[in-house]
Amino acid sequence: MVDSTTVLWGQTIVYSLYVVAILVVMGVFTYNITRDGKPPTVKDKLFYTFAGFLVVLGMSLHVVTYNTIPWVPTDVHRGDIEADKEFAINVADHEFQLPEARLMIDCEDTVLFNVTSSDLTYGFGLFRQDNSMVFQMQVGPGRDNEIIWEFHKNGVYSIRSTEYSGPLGYQMIVKDAVEVSGCDVAAGEGGAK
Amino acid sequence: MTFKDTLIDGNESAFDHKTMTPMQKLTLRFVIIGIVYYAFAAIEGMLMRIYQVDPVPFIEDGVIPLAGIDQYFGILTAHPLVGIFGSTYLLVFGAFLFLVPFLMKKPLWSFKAANWTLWTIAGGTFIFWADGFLSHYAPLYTLYWPLPADFDQFHPLSGAIFITGIALVMVGTALFVVNIFKTITYTPEGFEKVDGKAYLKSALGVTGFKNLWKDRKRQKEHLVDLPVAAIARGTVDTALNAGIILFTGVLILVYMVAELFGTSLETTTVDALLYKNWFWWGLDLIADGLVLIFVAGTWYLMASLITGKRVYMQNIARAALLVELVVSWTVWSHHLLSDQGQPAILKIVSGELVTAFELITQGLAFFITLATLWSARPLKLTNELKFLLGGLLGFALAVPAGILQADIGLNRVLHNTQWVVGPHVHVAILVGLTMTLYSAIYYLLPVLTNGAKLYSQKLANFHFWAHLVGGIGMGAFMGMAGLQGMLRRTLYFEGEYFIYMFLAALSGALLIAALLAFLYNIVMTVGLKGALGIFQKSDGDVRELLPVE
């Protein structure tokens, strides 16, 4: 199952290749504009082809991610999805108030996190043991901030505020707050669906 | 000449400030103060880089004087504002207040208003910078409600002083806006009467837009040059942005003043999400509006000045500038892709699709500029050309990085990470914008100084390479950390991202070295006497841009 690690590796590869390509293009261009020779006219056709390419590229990115990143359709249609489990979390005075000391999640359950704030704008992010991000959202005061997530790997995750909320906000971390289990148990034995 | 002679009198004594017109002096004052504030922002940035490598010594009381968590976030708040308002605004406004009359071959509408623009922005920046440094008012430039009015963390008086500084910057900005549009439309004394409305329509692109629907014979000619059109359209966003920031400042100020008089106003009266939409709409008029439009306009100007040729696909370039203006009014929602209360339709249309147009408009400006340069081949690789190419490369790297994060799926794991502020923001500003501005500075230096000779080409070369490598390197290492989960606007105490932050700090040191080389080169070019002379009063005619032969 595709998770944020896979997505970000994909992005790293694509963007790195692009960086190398544009550096080469600019290097070759710079070398050539200083060389003698009659400048060939830049044909209008090339310009319009480039413009068309940009349009296709700009639009297709979102089509591709909608169809390949599993949490995008879930997020867009989350109002129509019934969650297997729900956690209501409140944030106040730069502290997360969790319903349980550790939030236990069964593998492949659809989980709704409803995070509210009593005072400031905060963030709510889930992080792996190696500090890489699983997901995050903003937590605005005065409204429900809901995100639905499916977990497909066992692990213990930390919660961290992902939005600046003043100098006190940097310490908003709850280590090992979420545990996902059951992914290594066969579906027939009551494990992963 | 001895070293001492050069230091005092400048390279070959070629610069004499007494030959300068008041407009030349005023423009150079904008440039000098803008560069001083760039140095402020660069030093602040370097301090934060050091904190990011290892914050522990800085937060232990008494180990390092003036350091601490509050100081770090105070710097974090002031740093982008000093960079944008104190440096970029002054450099850009100064250059445009000279270039618009220069290109339109008439005097600036008001020399006095331009002077007020300089000193209100310079003074306002100093006020909010000093306030942030001393009192640690630190709601960040985002000012997410109700943080700026959180008086458990900040004193209302320090907030009120901070907001007053910002308001002064906006007053100076408003004067700039009026001066630019008046200069485009007015008829100076002794000049043939011009149709102000027709000039305004041409500058804003109305004429060009109407021409799209007319056959070639009935099309009206463009009354203003392409760079002036770009300046005028970017100035529209500048005006709107000043209005939004002023309004928001007044709102915050009401809460502060009430608190100072012993009344705590209810912060829930203001809806945080609505406020966030409103404020990002205004902020994006800078980030995705006037910066991109002004930069595209400067690319076109520099390309035509360097080549002596007309800009390739001029009509399309004008149309793209108009599209960019409209895009900048409708693009703000990409900052709210992680706000679950934000309507999905706004996320998709404004946040994703309209934002993708920035790839198109900026991509076309990139292509048009390269094509214009290509048409004049072979070109000498001058400082202005090198830095222009560096600026183009910066945006070629930063805009696609921004488009990636403006996607609902990717934003879920990129928002507020170092990716956003590294490969996108810092590469756009440090490499894209700043190198474009350096290109204009290197070109304008002999024009504004009546022929001062650059002290050292080797130092200029070092300036170019150190800035380019440092800027791209810093963005790249921040981006790598971001892809591994490192957040912006916070601190890590256990060395989680040490190697990336160490390499980013080394890159930052290269940027500082580049700045020092540039400053030394400029001081040795004009001399200390000349540099001080720029701030002495000129008795010349304020209507003259350049000395009369």
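1. The C-alpha centres of domain 1 of chain B and domain 2 of chain B sit 19 Å apart. Keep in mind that this is a predicted model. As for the bounds, the assignment gives domain 1 as 1–20 + 380–549 and domain 2 as 22–270.

2. On to how the two domains of chain B meet. Here, 28 residues of domain 1 of chain B are in contact with 32 residues of domain 2 of chain B. On the domain 1 side that touches domain 2, α15 (418–448) and α17 (498–533) of chain B each put in at least two residues. The largest share of that side comes from α17(B), with nine residues.

3. What is the make-up, by class, of the side of domain 1 of chain B that touches domain 2 of chain B? There are 22 nonpolar residues on that side, plus three polar and three charged ones.

4. Look for it in helix α9 of chain B, which covers residues 226–260. B:Ala232 counts as buried because it has 26 C-beta neighbours inside 10 Å, and the cut-off for buried is 20 or more.

5. Which residues does B:Ala232 touch, leaving aside those up to four places away in sequence? The contacts are B:Ile180, B:Ile184, B:Ala203 and B:Leu204. One more distance for orientation: B:Val295 is 63 residues from B:Ala232 along the chain, and their C-alpha atoms are 13 Å apart.

Methods
Residues numbered from 1 in each chain as written. Chains lettered and ligands numbered in written order. Predicted model: local features only at pLDDT ≥ 70, side-chain atom pairs only at ≥ 80, totals over all residues. Domains from an automatic or database assignment. Contact = placed C-beta atoms within 7 Å. Helix = DSSP H or I, 4+ residues; strand = E, 2+ residues; numbered from the N terminus. Nonpolar A, V, L, I, M, F, W, Y, C, P; charged D, E, K, R; others polar. Buried ≥ 20, exposed ≤ 12 C-beta atoms within 10 Å, placed from the backbone.
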